[in-house]
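Trainee: I would like to go through this protein chain by question and answer. Please show the sequence and the structure before we start.

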Amino acid sequence: MEGTYPILFGDKNIGQAQVTRRGLYYHFSCRMQLTGETICRLELCGGDRTENLGIPVPEGKSFVLTKTIPASRLDIGKPTFRLIPKHQSVQGKFIPLSPEEPFAYLSRLKDAYLQRRGEQIGIVIKE
């Protein structure tokens with residue numbers, strides 16, 4: 001997985017991600033050209049996995065993001081780096097949580113995340 005990869009925003013190449021292996025970890029050093037009008041997050045995609053790398057921050061005339069992730073979490077083959085507007089919602093099913101009811105989706109929690117909708121707290125499971 002080591003190497004230099006393009007960072008895509010839609011179908012446009014807006015920067016580069018440099019991936020290096022440091023012992024048991026992968027180190028990501030990403031630099032991209034953005035307007036800064038919209039807050040975006042950088043995702044690493046490969047196979048059926050998606051890893052949220054975080055939100056790039058301004059540094060001079062570019063935006064940068066550095067991150068270190070255990071190599072054991074990233075067995076994904078050839079990676080693709082995508083920039084996603086932060087306000088864009090991920091397709092998924094919202095399941096409200098209730099302390100009185102059993103949760104029937106335990107096996108699908110690996111790629112799920114917690115979300116609050118108004119006063120209701122629930123889990124969003126990617127579909």
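Predicted model: local features only at pLDDT ≥ 70, side-chain atom pairs only at ≥ 80, totals over all residues.

Trainee: Which box do the C-alpha atoms fill, and what percentage of the residues count as buried?

Mentor: Taken along the principal axes, the C-alpha atoms of the protein chain fill a box of roughly 50 × 35 × 25 Å. A residue counts as buried when its relative accessible area is under 20%. Of the 127 residues in the chain, the buried share is 32%.

Trainee: What part of the exposed area do carbon and sulfur atoms supply?

Mentor: The protein chain exposes about 8,600 Å². The part supplied by carbon and sulfur atoms is 50%.

Trainee: Among contacts between residues at least 6 apart in sequence, what percentage join residues at least 24 apart?

Mentor: The set to consider is the contacts in the protein chain between residues at least 6 apart in sequence. Within that set, the share joining residues at least 24 apart is 55%.

Trainee: How far apart do the centres of the positive and negative side chains lie?

Mentor: The protein chain has 18 positive and 13 negative side chains. The centres of the two sets are separated by 5 Å.

Trainee: How many salt bridges are there, and which residue forms one with glutamate 59?

Mentor: A pair counts when a side-chain nitrogen of Lys or Arg is within 4 Å of a carboxyl oxygen of Asp or Glu. By this rule there are 4 salt bridges. For glutamate 59, the closest N and O atoms are 3.1 Å apart, and the partner is arginine 31.

Trainee: How many residues apart are glutamate 59 and arginine 31, and in which strands do they lie?

Mentor: The pair links distant parts of the chain, 28 residues apart. At 43% relative accessibility glutamate 59 counts as partly exposed, and arginine 31 is also given as partly exposed, at 41%. Glutamate 59 is in strand S6 and arginine 31 in strand S3.

Trainee: Which residues are linked in a network of salt bridges?

Mentor: Arginine 41 forms a salt bridge with glutamate 43, with the closest N and O atoms 3.0 Å apart. Glutamate 43 also meets arginine 82 in a salt bridge, at 2.7 Å from N to O. Arginine 82 lies in strand S8 and glutamate 43 in strand S4, so this pair ties together parts 39 residues apart in sequence. The network consists of Arg41, Glu43 and Arg82.

Trainee: Why does proline 79 count as buried, and which residues does it touch?

Mentor: Proline 79 lies in the loop between strand S7 and S8. It counts as buried because its relative accessibility is 4%. Its C-alpha atom is 6.4 Å from that of leucine 44, 35 residues apart along the chain. Leaving out residues up to four places away in sequence, proline 79 touches Met1, Tyr5, Leu44 and Cys45.

Trainee: Which residues does isoleucine 76 touch?

Mentor: Isoleucine 76 also lies in the loop between S7 and S8. At 10% relative accessibility, this residue counts as buried. Not counting residues up to four places away in sequence, isoleucine 76 touches Met1, Leu44, Cys45, Gly46, Gly47 and Arg49.

Trainee: What distance separates the C-alpha atoms of glutamate 101 and threonine 68?

Mentor: Glutamate 101 lies in the loop between strand S9 and strand S10, and at 59% relative accessibility it counts as exposed. Threonine 68 is 33 residues apart from it along the chain. The separation of their C-alpha atoms is 38 Å.

Trainee: Which residues make the nonpolar surface patch?

Mentor: The patch covers about 250 Å². One of its residues, isoleucine 121, is in strand S11 and counts as partly exposed at 33% relative accessibility. The patch is made by Leu97, Leu114 and Ile121.

Terms used
Residues numbered from 1 in each chain as written. Heavy atoms only, no water. Patch = residues over 30% accessible without salt bridge, like charges linked within 9 Å, V, L, I, M, F, W, Y side chains within 5 Å. Areas by Shrake-Rupley, 256 points an atom, 1.4 Å probe, with all protein chains shown as cover. Helix = DSSP H or I, 4+ residues; strand = E, 2+ residues; numbered from the N terminus. Buried < 20%, exposed > 50% of the residue type's maximum accessible area, 1.4 Å probe, protein only. Contact = heavy atoms within 4.5 Å. Lys, Arg positive; Asp, Glu negative; His and termini not counted. Charge placed at Lys NZ, Arg CZ, Asp CG, Glu CD.
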